[in-house]
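Subject: Structure for your files

Dear colleague,

Here is the structure I said I would pass on. My notes on it follow below.

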Amino acid sequence: VIITCRQLVEKVTDKREGRLSVADRAGWAAHLAWCGDCALYIEQYEATVGAVKHLPRRASDDARAKVLGILGHE
Amino acid sequence: VPAPVDDRALIDKVLAGAREAVIELVDAHDEPMRCVAAAILPDRAHVPDVVQEAWIRVLGGLREFEHRASLKTWILRITANVARTTAERIGRAPVSIEDLPTVDPERFSSIGKWRDPPRPWHPEALLLRKELGELLQREIDALPPLQRAVVVLRDIEGLPSEEICDMLELSEANQRVLLHRGRARLRAALERELKT
């Protein structure tokens with residue numbers, strides 16, 4: 001089964017979630033054996049997921065104040 | 001997923017009245033609570049009230065929390081329940097799952113090969129630039145509410161997909177489509193910024 005570049009970019013999440021069909025798994029490997037452009041696309045997709053994971057977590061001052069208010073803190 | 005032992009220590013401090021612990025609790029959970037509420041409610045206007053009500057229930061129930069799930073899962077389930085109760089009254093957000101291309105079709109030739117392929121990003125730009133974090137945060141906030149909730153719960157909070165499907169009443173396949181669309185949109189935003 002041949003997977004085109006256009007098709008491959010829509011399968012990256014299925015691949016990562018382990019949801020590729022058996023046919024697509026073969027097509028995926030065959031495609032990446034020659035296509036550096038798609039390899040770069042996947043690398044950037046992974047970099048994006050990695051960057052999102054490391055975003056700082058902080059609530060707004062307003063959110064903090066509201067919850068502190070529920071507990072009677074100043 | 002945070003270790004339950006951290007949850008226990010934090011809960012003890014909150015129950016003992018430690019202000020810093022309350023702030024830690026809010027910092028860890030308030031954003032994902034907002035995302036869950038926004039994914040269930042028909043408009044953003046009701047999100048603050050639902051989150052406030054959820055916090056009242058969370059704080060009221062903290063002493064009885066039994067650690068059968070992580071604190072995060074427990075808090076977000078409470079939030080989802082409050083949001084659903086409100087949605088029963090005012091109407092639920094329509095679940096629209098589009099399955100359109102996530103990369104502009106113009107970038108491919110008629111046989112589906114890259115015509116305008118991705119170009120390498122500035123090396124280490126992802127690590128070096130604080131503005132990039134701000135850009136990503138803005139893009140996440142601008143995602144459609146369901147996509148935003150799935151991306152935040154999966155990729156920031158690290159919840160397993162089954163829990164997210166359960167919380168947001170999504171099928172696994174729909175959750176995957178939402179995750180795919182959200183991540184692709186974030187990648188495209190970084191691409192616009194980082195293209196060499």
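Helices here are DSSP runs of H or I with at least four residues, numbered from the N terminus. On that basis the elements of chain A read α-α-α-α-α from the N terminus on. Please keep in mind that this is a predicted model.

Overall form of chain A. The radius of gyration is 21 Å, well over the 11 Å that the globule rule gives for 74 residues, so chain A is more spread out than a compact globule. Along the principal axes, its C-alpha atoms fill a box of roughly 65 × 20 × 15 Å. Of the contacts in chain A between residues at least 6 apart in sequence, 50% join residues at least 24 apart.

Surface and charge. Buried residues make up 42% of the 74 in chain A. The chain exposes about 4000 Å², and 53% of that comes from carbon and sulfur atoms. Chain A carries 11 positive and 10 negative charges, whose mean positions lie 4 Å apart.

Helix α5 of chain A. This helix covers residues 61-70, and its buried residues are Ala63(A), Arg64(A), Val67(A) and Leu68(A). Viewed down the axis of α5(A), the buried residues fall within an arc of 130°, so they line one face of the helix. What do the buried residues of α5(A) pack against? Their partners are in chain B, namely α2 (19-40) and α3 (47-61). Just after α5(A) comes Gly72(A), with a positive phi of about 80°.

Regards

Conventions: Residues are numbered from 1 along each chain as its sequence is written. Chains are lettered from A and ligands numbered from 1 in the order in which they are written. This is a predicted model: local features need pLDDT of at least 70, side-chain atom pairs count only at pLDDT 80 or more; totals for chains, interfaces and linings use all residues. Side-chain values use heavy atoms; hydrogens and water are left out. Helices (H or I, at least four residues) and strands (E, at least two) are DSSP runs, numbered from the N terminus. The radius of gyration is taken over C-alpha atoms; the globule rule is 2.2 Å times the number of residues to the power 0.38. Buried means under 20% relative accessible area, exposed over 50%, partly exposed in between (1.4 Å probe, protein chains only). Contact means heavy atoms within 4.5 Å. Accessible areas come from the Shrake-Rupley method with a 1.4 Å probe; for residues, only the protein chains shown count as cover. Lys and Arg count as positive and Asp and Glu as negative; His and the chain ends are not counted. The place of a charge is taken as NZ of Lys, CZ of Arg, CG of Asp or CD of Glu. The arc is that of the directions from the helix axis to the C-beta atoms.
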